[in-house]
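Student: Please show me the structure, and then let us go through it by question and answer.

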Amino acid sequence: MNKMYHPNIDTSGGICLDVLTKRWPPSYSYAKLLVSISALLEEPNPDDPLNGVVASEYKYDFLTFAKNAIEFTKKYADKDEKKKYADPAVLVDNHNKSKNK
């Protein structure tokens, strides 16, 4: 398992997702759970963090978050993931585009 630099994932791999902790509806399938986790990975929720430092960076200083996330990825990810985000500007641009949707 790769370590992740993410506001809603702690250093041991725990995930902060409300359906996992508080609101598991009886009709929720594993497929829906995986969709929810995927969505959280793409769109973090810094207002309900497991990692407060990362959440603060994400919310208030996204460029620092992007730089730290890239360094973390370079250090801990497998070689295919390391190639994806070589430039913090790519992350900042993607973040800004997602906020404007």
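**Reading the predicted model**

Tutor: His6 lies in the segment before helix 1. Helices (H or I, at least four residues) and strands (E, at least two) are DSSP runs, numbered from the N terminus. This is a predicted model, in which local features need pLDDT of at least 70 and side-chain atom pairs count only at pLDDT 80 or more, while totals for chains, interfaces and linings use all residues. Residues are numbered from 1 along each chain as its sequence is written, and side-chain values use heavy atoms, with hydrogens and water left out.

Student: Is His6 buried, exposed or partly exposed, and why?

Tutor: Buried means under 20% relative accessible area, exposed over 50%, and partly exposed in between (1.4 Å probe, protein chains only). The relative accessibility of His6 is 4%, so His6 counts as buried.

Student: Which backbone nitrogen does the side chain of His6 reach, and which residues does His6 touch?

Tutor: The side chain of His6 comes to 2.9 Å from the backbone nitrogen of Asn8. For touching, contact means heavy atoms within 4.5 Å. Leaving out residues up to four places away in sequence, His6 touches Leu40, Leu41, Pro44, Asn51 and Val54.

Student: How many helices and strands does the chain have?

Tutor: Along the sequence the pattern reads α-α-α-α-α-α. The count is 6 helices and 0 strands.

Student: What percentage of contacts between residues at least 6 apart in sequence join residues at least 24 apart, and what percentage of the residues is buried?

Tutor: Among contacts in the chain between residues at least 6 apart, those joining residues at least 24 apart make up 57%. Of the 101 residues of the chain, the buried ones are 28%.

Student: What kind of aromatic pair do Tyr5 and Phe72 form?

Tutor: Rings of Phe, Tyr and Trp (its six-membered ring) pair if their centres lie within 6.5 Å; planes under 30 degrees apart count as stacked, over 60 as edge-to-face and the rest as tilted. The structure holds 6 aromatic pairs. For Tyr5 and Phe72 the distance is 5.5 Å centre to centre and the angle between the planes is 45 degrees, and the pair is tilted.

Student: Where in the chain are Tyr5 and Phe72?

Tutor: The pair links distant parts of the chain, 67 residues apart. Tyr5 is in the segment before helix 1 (18–21), and Phe72 is in helix 4.

Student: Where does Asp93 lie, and is Asp93 buried, exposed or partly exposed?

Tutor: Asp93 is found in helix 6 (residues 88–99). The relative accessibility of Asp93 is 38%, so Asp93 counts as partly exposed.

Student: What separates the C-alpha atoms of Asp93 and Leu63?

Tutor: Along the chain, Asp93 and Leu63 are 30 residues apart. Their C-alpha atoms are separated by 10.0 Å.

Student: Where is Ser56, and how far apart in space are Ser56 and Pro46?

Tutor: Ser56 lies in helix 3 (residues 52–60). Ser56 and Pro46 are 10 residues apart in sequence, and C-alpha to C-alpha the distance is 7.1 Å.

Definitions and conventions:
A polar contact is a pair of N or O atoms within 3.5 Å; within protein, one must be able to donate a hydrogen and the other to accept it, and residues adjacent in sequence count only if both atoms are side-chain atoms.
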